[in-house]
Amino acid sequence: MLDFPLIGRVNLEIITVALNNSLYIGPEALPALAEMARRPAVSQVWVLADSNTARQCYPMLKPHLPAEHTLIEIAAGEEYKTLATCETVWNQLTEQRADRYALLLNLGGGVVTDLGGFCAALYKRGIRFVQVPTTLLAQVDASVGGKTGVDFLGFKNHLGVFQEPAAVCIEPRFLETLDPRQLKSGYAEVVKHWLIADATAFAEQRQQGMFVEDWTPIIRESVALKQRIVEQDPLESGLRKVLNFGHTVGHALESYLLLQPGREILHGEAVAAGMVCEAWLSHQKGLLSPEELDKIETFLFSIYDKVQFVTLETDAIADLARQDKKNAGSIINCTLLEAIGRAVYDQPVTVAEIAESLRYYHRL
């Protein structure tokens, strides 16, 4: 269970955390980035973007960068979050003689921030990098907390390291480039934060749903909640595991469908389905009341379409949870809910229970 007070409403312009990195949210984010990029200690500035953010977001970032900088463009999509893509990044850095004083700016969603941070952490045993998240998912979750990594053999984030960025610069205006589906995907991580640690926000915001005029306050509050957790457990040895609510089942479902051409789903869509399944598991284990389970299901299904799979696939999907990073030996450790706003981690579940939760989800 969380051992810190609920954060409530946070109105921070700049949050500086104990992990020696700075977080800028709002209009000051890109000017702060410009100042960092022009410091004498920075020898070269590189921008990593995917084919979407290179076209839609890089023009907004470019005026804030030194004239002498280099853009590296990679293919967009979870299927390219691989070591092969890392090789293309490392090749370009190496061929153009990027040194240990280079600065890598990761401009994109969760794939770019995860992969870019991983590339920076390994290149010449580590160069500095700044996360410039452009999706709601990356702004409230993927870019914050120092997790980096890539998928491997079909398993989500199977390879990675903990490496804090020099800074995270969040400009909410980048959200204007997103289509509604991508925005909804990121919203799942916001809802997750409410379900694990802020019952008041869930009660208030579920009346509003996705009808949000200004995302900045929600981003600030969601990021502050995550940072509060990460400060207490930066390497995910305990408390930080609560942030994985919805991800044990969600990652299994996402990984399975990623291997099925034409059936791929977005990360947040998988997490939303995973939260329904894991809320049901919480109820089955006597932790979550039927009334709260119903509130969670009703809210999530008011926003997200049901992920499509057939019941014959549930065992194969559930079996992928054996590779979850939170596991200890043969025990699958899951984060469950004692109540809305109160999570418990390291809850053992079986493959059979996960399969049954998927069958429950399929019947809804």
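A disulfide is taken here as a pair of cysteine sulfur atoms within 2.5 Å. By this rule, the count comes to 0 disulfides. The model is a predicted one, in which local features need pLDDT of at least 70, side-chain atom pairs count only at pLDDT 80 or more, and totals for chains, interfaces and linings use all residues. Residues are numbered from 1 along each chain as its sequence is written, and side-chain values use heavy atoms, with hydrogens and water left out.

Two cysteines illustrate the result. The sulfur of Cys-57 has its closest cysteine sulfur in Cys-169, at 14 Å, which is too far for a bond. Cys-277 is in no disulfide either. The nearest cysteine sulfur to Cys-277 is that of Cys-334, 9.8 Å away. Burial was scored by relative accessible area (buried under 20%, exposed over 50%, partly exposed in between; 1.4 Å probe, protein chains only). Cys-57 counts as buried because its relative accessibility is 0%. Cys-277 is buried as well, with a relative accessible area of 1%.

The protein has 14 helices and 11 strands. These are DSSP runs, numbered from the N terminus (helices H or I, at least four residues; strands E, at least two). The radius of gyration, taken over C-alpha atoms, was set against a globule rule of 2.2 Å times the number of residues to the power 0.38. For 364 residues, a compact globule would have a radius near 21 Å; the protein has 20 Å, which agrees. The C-alpha atoms fill a box of roughly 60 × 40 × 35 Å along the principal axes.

Buried residues make up 58% of the 364 residues. Contacts were defined by heavy atoms within 4.5 Å. Among contacts between residues at least 6 apart in sequence, 78% join residues at least 24 apart. The accessible surface, from the Shrake-Rupley method with a 1.4 Å probe, comes to about 15000 Å². Carbon and sulfur atoms account for 52% of this surface.

Trp-46 lies in strand E3, which spans residues 45–50. At 2% relative accessibility, Trp-46 counts as buried. Leaving aside residues up to four places away in sequence, Trp-46 touches Thr-70, Ile-72, Gln-92, Leu-93, Gln-96, Ala-98, Ala-102, Leu-103, Leu-104 and Leu-105. Glu-231 is 185 residues from Trp-46 along the chain. The C-alpha atoms of Trp-46 and Glu-231 are separated by 29 Å.
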